[in-house]
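Hi,

Here is the model I promised to pass on. Have a look at it first, and my notes follow below.

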Amino acid sequence: MFFIHGGGMCLGDLDYEHTTAVKICEELGVLVVSSGYRKAPEHPHPAQVNDCYAALCWMSDNATSLDFDLERLAIFGGSAGGNLALATALKARDLAGPALAYIMALYPMVDHRHATPSAHQITDTGVWDRKTNIEAWEWFLAGQTPDAYAAPLHAENLAGLPPTFIDVGTADVFRDEDIALAQRLLASGVPTELHVYPGVYHAAEHYAPDAEAARHMWSVRIRALSKALRIQLTPTPTDTSADTDTDTDTDTDTDSNGHHN
């Protein structure tokens with residue numbers, strides 16, 4: 001799996017989400033390659049997606065020595081990393097680059113306009129809200145008009161992307177843009193799984209990892225990754241990953257036909 005950390009395009013490093021990369025590696029038994037990237041404001045767009053795409057190509061080119069199955073290459077990122085996961089996948093599609101089997105974009109940062117209801121409602125969470133988001137986008141774009149690789153929600157064509165997983169909380173500034181992105185992906189024929197969690201704020205699972213909502217979110221993610229990568233999970237007596245989505249009202253799942261599960 002190709003892993004891209006978050007940080008609003010201007011924060012973080014390879015250690016930023018090391019715990020998450022290790023969690024995926026241990027729970028799924030997969031190889032995880034974690035990519036860093038240059039940060040704004042010193043390095044505005046497209047430095048970030050160029051770095052991630054170069055790292056993805058390196059991973060693909062070295063599949064034999066890294067000993068992984070190229071047909072099960074997935075890309076994963078949260079927040080700004082979710083943006084870059086989508087942008088890197090778009091670039092790989094456009095340049096006939098590495099073939100991706102799956103995208104997992106957690107609460108991705110995909111809209112530069114700050115015009116949605118959630119972009120106006122989420123103003124004082126103390127985590128990532130309207131003010132910090134506006135500042136990060138200004139640094140990231142540095143006066144440029146965003147292209148598809150900067151703001152994936154506004155890509156002219158989303159068709160041809162691999163199956164995509166998106167999750168976001170209702171108290172997240174990115175809530176409405178992520179829902180809109182899932183709708184656009186579905187309309188473009190991309191198999192898309194969307195989860196919207198009531199009361200959950202941006203990156204809540206990092207701040208409250210032992211909360212029931214955080215545990216549920218991770219069980220859903222691990223289950224989705226295992227299915228996409230054709231990995232058989234071994235249930236344990238305390239494992240919740242085998243639970244069905246019908247036992248909770250904390251998410252909304254939509255398949256590629258628009259049906260709710």
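In which loop does D67 lie? D67 sits in the loop between helix 3 (63-66) and strand 3 (74-78); helices (H or I, at least four residues) and strands (E, at least two) are DSSP runs, numbered from the N terminus.

Before the rest, some housekeeping. This is a predicted model, where local features need pLDDT of at least 70 and side-chain atom pairs count only at pLDDT 80 or more, while totals for chains, interfaces and linings use all residues. Residues are numbered from 1 along each chain as its sequence is written, and side-chain values use heavy atoms, with hydrogens and water left out.

Back to the backbone. D67 has a positive phi of about 65° although it is not a glycine, and with 68% relative accessibility it counts as exposed. (Buried means under 20% relative accessible area, exposed over 50%, and partly exposed in between, with a 1.4 Å probe and protein chains only.) H114 is another non-glycine residue with a positive phi, near 55°. H114 is found in the loop between strand 4 (102-106) and helix 5 (117-121), and at 14% relative accessibility it counts as buried.

There are also cis peptide bonds to check. The bond from A40 to P41 is cis, with omega near 5°, and the one from H45 to P46 is cis with omega near 15°. P41 belongs to the loop between strand 2 (33-35) and helix 2 (47-61), and P46 lies in the loop between strand 2 and helix 2 as well.

If you leave aside neighbours within four places in sequence, I24 is in contact (heavy atoms within 4.5 Å) with M1, F3, G29, V30, V32, F76 and W218.

Those last two names come back among the aromatics. Rings of Phe, Tyr and Trp (its six-membered ring) pair if their centres lie within 6.5 Å; planes under 30 degrees apart count as stacked, over 60 as edge-to-face and the rest as tilted. By this rule there are four aromatic pairs. In one of them, F76 and W218 have ring centres 6.5 Å apart and planes at 15°, so the pair is stacked. F76 is in strand 3 and W218 in helix 9 (residues 212-228), 142 residues apart, so to speak a link between distant parts of the chain.F76 is buried, with a relative accessible area of 1%, and W218 counts as buried at 10% relative accessibility. F3, F76 and W218 form one aromatic cluster.

Last, the strands. Strand 5 (residues 164-171) and strand 6 (residues 192-201) run parallel and are joined by seven bridges; strands pair if DSSP finds at least two bridges between them. V168 stands opposite V196 in strand 6.

Cheers
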